[in-house]
Amino acid sequence: MSRSKAVTQAWLIALLLVALPALQAAAEVRPFPGEFHTSQMSVTGGTQYVRVGGKGPAVVLLHGFGDTGDMWEPLAAQLVKDHLVIVPDLRGMGLSSHPEDGYEKAAQARDLVGILDSLKVKQVQLVTHDIGNMVGYALASRYPGRVTAWVVMDAPLPGMGTWQAQLTNPKVWHFNFRGPDVERLVAGRERILLDRFYNDLGGNPAGIDEETRRHYAELYAIPGAIHNSFGGQFEAFSRDAQENKANFAKAGKIDIPVLAIGGDHSYGASMKPELQYVASNVEGAVIQNSGHWIMEEQPKQAVDLTVAFLARH
């Protein structure tokens, strides 16, 4: 081997060794910045684990199934510089408690209002994903004075828009996957279950790395977590649909600015017309090379779009 080639190889190896720790750190679910503190806040029949940090206009970030509030760290790290950022784990999920009932999304919106009141927050901007969209819509449509703008990511709303047609999609078989025998089947196999969601619903499954998958598998293995997800959050969808229809008949469309975001391998551009069923001021955006798991698959695109939209509203 020539001396020049040996020097080049040595330089490349040294560069890789220097970069490796940063690459490994980037692959992990990162802790929230030091500005955040956490607490268990009282809600109806239990508590919700809530991260709060920063000062300024308030923003609430709501996650969905397959994640917890931990999914929002890349966005929270940007927003906390000039916002008060509030990130709960949804009812019965993550590090929140596991009550048996109260999973209707309107009920969860009432609990969220209680959390905001405890924090002395009157108005918020809202960023949501998946089931978080459903809680977010319940909040924005039933408490219109509390929400000033809404970023909604990659999931429809029970009873609204094309919801009924969505129920025939084979990919949502899990909406009715529940019961004691299902829970026995999943117990100890939470990682296998979550891999199905990440792989089948992701457009870029490699973007959901091993550390992320292991992290959420551990959280969904907490006693009660699968039961409350399937027998609580999903089981309530039919009641959510009826409650949304009844509320929409009385209140009509919400008029706050809305940014409807979809992954190009998932709901994509259809998110805009989906939200136009329930809102009168909707913009749309599509995340490239992403499926349903937008914050894991393409966090930079999602953060850039969200931060810019919130800054304008």
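This is a predicted model: local features need pLDDT of at least 70, side-chain atom pairs count only at pLDDT 80 or more; totals for chains, interfaces and linings use all residues.
Residues are numbered from 1 along each chain as its sequence is written, and side-chain values use heavy atoms, with hydrogens and water left out.

**Exercise 1.** Determine how the axes of α3 and α4 are arranged and which residues meet.

*Solution.* 
Step 1. Helices (H or I, at least four residues) and strands (E, at least two) are DSSP runs, numbered from the N terminus. Helix α3 covers residues 105–118 and helix α4 residues 131–142.
Step 2. Axes are lines fitted to C-alpha atoms, for helices over the stretch in contact, and angles run from 0 to 180 degrees between N-to-C directions. The axes of α3 and α4 come within 8 Å and cross at roughly 70°.
Step 3. Angles under 35 degrees count as roughly parallel, over 145 as roughly antiparallel, 65 to 115 as roughly perpendicular and the rest as oblique. Helices α3 and α4 are therefore roughly perpendicular to each other.
Step 4. Contact means heavy atoms within 4.5 Å. Lys-105, Ala-106, Gln-108, Ala-109, Leu-112 and Val-113 of α3 meet Ile-131, Met-134, Val-135, Ala-138, Leu-139 and Arg-142 of α4.
Step 5. With Ala, Val, Leu, Ile, Met, Phe, Trp, Tyr, Cys and Pro counted as nonpolar, Asp, Glu, Lys and Arg as charged, and the others, Gly among them, as polar, the residues of this contact divide into nine nonpolar, one polar and two charged.

**Exercise 2.** Classify the packing of α7 and α8.

*Solution.* 
Step 1. The axes of α7 (residues 190–201) and α8 (residues 210–220) come within 9 Å and cross at roughly 130°.
Step 2. That angle makes α7 oblique to α8.
Step 3. The residues of the contact of α7 with α8 divide into five nonpolar, one polar and six charged.

**Exercise 3.** Decide whether Gln-298 is buried or exposed, and identify its surroundings.

*Solution.* 
Step 1. Gln-298 is placed in the loop between α12 (294–297) and α13 (299–312).
Step 2. Its relative accessibility is 16%, so Gln-298 counts as buried (under 20% relative accessible area; exposed is over 50%, partly exposed in between, with a 1.4 Å probe and protein chains only).
Step 3. Leaving aside residues up to four places away in sequence, Gln-298 touches Asn-204, Ile-287, Gln-288, Asn-289 and Ser-290.
Step 4. A polar atom of the Gln-298 side chain lies 3.0 Å from the backbone oxygen of Asn-289.

Methods: A polar contact is a pair of N or O atoms within 3.5 Å; within protein, one must be able to donate a hydrogen and the other to accept it, and residues adjacent in sequence count only if both atoms are side-chain atoms.
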